[in-house]
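Biologist: I am new to this one. Can you take me through it?

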Amino acid sequence: MSTVTSLRCRVSPASEWRDSMTCKLKHHVCFINSYDGDFVFDDSEAIINNKDLNPATPLNNIWKNDFWGSNLSSNSSHKSYRPLTVLTFRLNYLLAGGLHPVGFHMLNIGLHCIISALMIDVFAILIGGLACDEKATRLAHVPKASLLAALFFAVHPVHTESVAGIVGRADLLCALFFQLSFLSYCRAFQGGDKSDSFSVSWIVISLLLCAVAMLCKEQGITVLGVNAAFDILMICNLNIYELTHRLLVRRKAVGDGEWIRKGLLVRLALLLFGGSLLLYARWRIMGTGPPAFTEVDNPASFAENVFLRIVNYNYYYSLNAWLLLCPWWLCFDWSMGCVPLIKSASDWRIVWLLLLWACLIGLIRQALCSPDSSKRRTLTFGLVLLVIPFIPASNLFFRVGFVIAERVLYLSTAGFCLILAYAVAYCCCCWRRHKKLLQAAMLALLGMNVVRCALRSQQWRTEQSLFTSALSVCPLNAKVHYNVGKNLADRGNQSAAIRYYREAVRLHPKYVHAMNNLGNILKERNELQEAEELLSTAVYIQPDFAAAWMNLGIVQNSLKKFEEAEQSYWNAIKFRKKYPDCYYNLGRLYADLNRHVDALNAWRNATMLKPDHSLAWNNMVILLDNTGNLAQAELIGKEALKILPKDHTIMFSLANVLGKQQKYKESEGFFLNALKINPNAASCHGNLAVLYHRWGKLDLAKKHYELSLKLDPSAPGTNENYNMLKRKLEQWQKTAG
């Protein structure tokens with residue numbers, strides 16, 4: 001006899017619509033306040049700096065590059081192959097006419113809304129099966145339970161990162177096609193729970209949808225495991241309890257025909273073949289093999305021995321389980337000391353992983369051995385949905401690049417919510433006298449989750465609020481302090497940024513990116529000795545850190561250590577062949593050393609690598625002007641303006657060159673164009689006044705001298721020139737008088 005009431009009822013379109021609207025409403029209340037948030041955290045690399053989103057980039061690049069825009073064949077690629085997700089980003093870019101985050105956020109919210117509504121159907125099938133009436137209308141067991149599980153799923157706070165963070169689009173799209181693949185597999189048995197007839201076409205469609213899910217995120221392939229479990233447990237109705245009882249107690253052999261129904265082997269063979277084909281294609285696409293992660297990314301995978309690795313992996317699992325059970329402490333990043341390693345058996349935290357396995361074993365025992373068929377089915381499918389989608393993130397088959405990632409729990413949450421909904425129904429049946437109290441507790445839990453989702457979505461609106469919210473959750477996480485410092489530096493608060501960068505380096509003494517950024521700020525504050533020490537340490541720890549080599553060269557140049565600076569620049573170029581900014585700074589060094597030809601060559605290299613490198617173009621024009629090569633300076637200036645037609649600094653430099661060549665009319669045109677773009681440039685007004693002064697247009701010269709002095713009263717030379725002009729005008733007036 002079933003413990004939980006299992007009444008059958010027809011699923012009417014009206015009730016389906018009402019249930020889905022309930023889920024959508026709950027979801028909108030949770031996440032709608034993130035619709036106008038900024039691009040935050042990983043969005044910078046995946047969206048803002050990803051050239052594959054730009055319509056000017058060839059569309060086929062999406063199929064060659066990883067999720068972050070790097071070529072898959074590159075050793076630095078993370079091998080995250082998600083072209084369909086990137087395609088939706090590109091569509092957002094195209095529709096919005098640029099990088100406007102509102103459209104990106106609204107699509108994420110809409111996707112979670114659809115997924116939450118579809119979860120009602122998924123849970124209804126897992127709880128009630130595929131039974132249909134004589135009119136082929138699907139019947140459902142306990143429809144309220146499937147709605148309750150879907151509501152728990154819709155408002156679970158751990159989803160905030162996937163919905164409010166735009167890069168979470170990969171998890172959302174993967175989950176959507178995961179559901180569609182599962183529902184298509186179920187459609188292959190449209191006649192009900194009988195397995196003697198099935199549609200191969202729907203199974204093939206399910207495999208194709210699995211491939212689509214995998215092109216959104218790698219986790220999508222796990223739907224094949226869920227489909228296989230559904231086939232064995234629901235379609236073929238394998239009773240593990242009865243099978244075990246016959247084998248162990250009665251010692252009676254079980255014939256294959258009793259539990260391997262007709263067609264099961266064919267279907268499993270199709271799933272195995274499709275899955276193997278997808279895995280082979282994925283491996284070929286990766287090119288150079290799996291990505292190479294560092295100890296910082298996943299310290300447990302670098303533990304001293306196998307025992308410690310297993311212990312720490314299981315501790316990570318227990319933390320993931322805790323996030324599902326109590327999603328109050330959420331953080332955008334869990335690496336870099338946020339979760340210290342367990343290094344001995346005496347560490348008290350081992351209790352958590354023991355508790356995890358005690359709970360899992362208890363659930364597995366109930367799921368497999370309970371005589372209650374409803375309990376067996378619900379708990380088994382709950383565990384299947386909880387565990388199978390999580391396997392790619394478990395470190396079992398390959399090393400992953402994170403400690404904990406809330407995004408990867410998106411699908412596993414469905415299994416947790418199914419188990420939770422069953423627990424609520426079970427309690428209501430066992431404690432009928434306290435049913436209202438239980439209902440109130442359930443509503444309170446839903447309400448609390450809605451509030452937590454809304455609060456967490458608010459934190460995901462800006463990088464400032466997101467990063468600072470993590471300080472209380474992961475105070476030992478060096479990356480949290482680094483990101484807070486970087487955000488402060490971007491907003492101009494260098495003093496506060498220095499404190500957080502120093503703390504990041506203290507927590508993780510080999511954090512080269514924090515050292516590099518801190519060194520940059522100290523360089524700007526003219527604290528050159530400490531800046532040199534930090535940057536030298538950074539390149540010692542990571543010799544191929546090109547940016548740190550370049551910044552070290554800049555500091556050494558400022559300290560007049562010219563030979564060391566030149567070597568640092570060349571080291572940077574050695575490790576990053578195409579480094580226009582480094583060539584630019586190398587050119588500045590050569591200019592300081594009066595090595596003019598070398599300076600010009602360095603700046604020319606910078607403009608070849610980056611044709612719109614304004615500073616390099618301008619410096620070439622100025623250097624040629626200062627060395628008397630006016631004709632060549634003119635050619636370079638005009639070449640630069642073909643590429644940068646609205647660059648007022650190059651116009652200004654070129655106008656000066658033309659003025660010295662007495663090409664007054666042409667020079668005047670460039671000065672005036674520069675002033676149209678930047679009308680408040682005192683130096684431009686001053687030099688134009690000098691041009692008019694030489695040209696003999698004294699009234700215009702007087703006008704622009706006065707404008708220059710109004711904008712910058714202390715402009716060097718302008719006062720003297722203006723006084724000379726006034727004396728000249730006075731003499732003319734006396735002569736005319």
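What follows is a short exchange about this predicted model.

Biologist: How many helices and strands are in the protein chain?
Modeller: Start with the overall make-up of the predicted model. The protein chain has 737 residues. Its elements are 33 helices and two strands.

Biologist: What percentage of the residues count as buried?
Modeller: The cut-off for buried is under 20% relative accessible area. The protein chain exposes about 35100 Å², with 60% of that from carbon and sulfur atoms. Of the 737 residues, the buried share is 52%.

Biologist: Among contacts between residues at least 6 apart in sequence, what share join residues at least 24 apart?
Modeller: Take the contacts in the protein chain that join residues at least 6 apart in sequence. Those between residues at least 24 apart make up 66%.

Biologist: Is helix 15 largely enclosed or open, and how many of its residues are buried?
Modeller: Helix 15 covers residues 373-387. At 1.5 Å a residue its 15 residues should span 21 Å, and its end C-alpha atoms are 21 Å apart, which agrees. The rest of the structure largely encloses helix 15, because its buried residues number 13 of the 15.

Biologist: How far apart are the end C-alpha atoms of helix 23?
Modeller: Helix 23 runs over residues 546-558. Its 13 residues, at 1.5 Å each, should span 18 Å. The model agrees with that, as the end C-alpha atoms are apart by 19 Å.

Biologist: Which helices do the buried residues of helix 23 pack against?
Modeller: Twelve of the 13 residues in helix 23 are buried. Among them are Trp549, Met550 and Asn551. Their packing partners are helix 21, helix 22, helix 24 and helix 25.

Biologist: Which side chain makes a polar contact with the side chain of Asn516?
Modeller: Asn516 sits in helix 21. At 7% relative accessible area, Asn516 is buried. It touches Leu535, Phe545, Ala547, Ala548 and Asn551, leaving out residues up to four places away in sequence. The polar contact, at 2.8 Å, is with Asn551.

Biologist: And which side chain is joined to Asn314 by a polar contact?
Modeller: Asn314 belongs to helix 13. Asn314 is buried, with 12% relative accessible area. Beyond its neighbours within four places in sequence, Asn314 contacts Leu353, Leu356 and Trp357. The polar contact of 2.5 Å is with Trp357.

Biologist: Which helix gives the most to the nonpolar patch?
Modeller: The patch covers about 750 Å² of surface and includes Trp322, Trp328, Met448 and Val451. Two elements give two or more residues to it, helix 13 and helix 17. Val451 lies in helix 17 and is partly exposed at 47% relative accessibility. With three residues, the top contributor is helix 17.

Biologist: How far apart in space are Leu471 and His481?
Modeller: Leu471 lies in the loop between helix 18 and helix 19. Leu471 is partly exposed, with a relative accessible area of 21%. Leu471 touches Val480, His481, Val484 and Tyr500, not counting residues up to four places away in sequence. Leu471 and His481 are ten residues apart in sequence, and their C-alpha to C-alpha distance is 7.4 Å.

Biologist: With which residue does Glu161 form a salt bridge?
Modeller: The whole structure holds 24 salt bridges. In this one, the closest N and O atoms are 2.9 Å apart. It links helix 6 to the loop between helix 15 and helix 16, across 246 residues. Glu161 is buried at 4% relative accessible area, and its partner is Arg407.

Biologist: Is Lys561, which meets Glu532 in a salt bridge, buried or partly exposed?
Modeller: The N to O distance in this pair is 3.0 Å. Glu532 is in helix 22, and Lys561 is in the loop between helix 23 and helix 24, 29 residues apart. Glu532 counts as buried at 12% relative accessibility. At a relative accessible area of 28%, Lys561 is partly exposed.

Biologist: Which helix holds Arg604, the salt-bridge partner of Glu639?
Modeller: The closest N and O atoms of Glu639 and Arg604 are 3.2 Å apart. Glu639 is in helix 28, 35 residues from Arg604. Arg604 itself lies in helix 26.

Terms used
Residues are numbered from 1 along each chain as its sequence is written. This is a predicted model: local features need pLDDT of at least 70, side-chain atom pairs count only at pLDDT 80 or more; totals for chains, interfaces and linings use all residues. Side-chain values use heavy atoms; hydrogens and water are left out. Helices (H or I, at least four residues) and strands (E, at least two) are DSSP runs, numbered from the N terminus. The expected span of a helix is 1.5 Å times one less than its number of residues. Buried means under 20% relative accessible area, exposed over 50%, partly exposed in between (1.4 Å probe, protein chains only). Contact means heavy atoms within 4.5 Å. Accessible areas come from the Shrake-Rupley method with a 1.4 Å probe; for residues, only the protein chains shown count as cover. A polar contact is a pair of N or O atoms within 3.5 Å; within protein, one must be able to donate a hydrogen and the other to accept it, and residues adjacent in sequence count only if both atoms are side-chain atoms. Patches are made of residues with over 30% relative accessible area and no salt bridge: like charges are joined within 9 Å, nonpolar side chains (Val, Leu, Ile, Met, Phe, Trp, Tyr) within 5 Å. A salt bridge is a side-chain nitrogen of Lys or Arg within 4 Å of a carboxyl oxygen of Asp or Glu.
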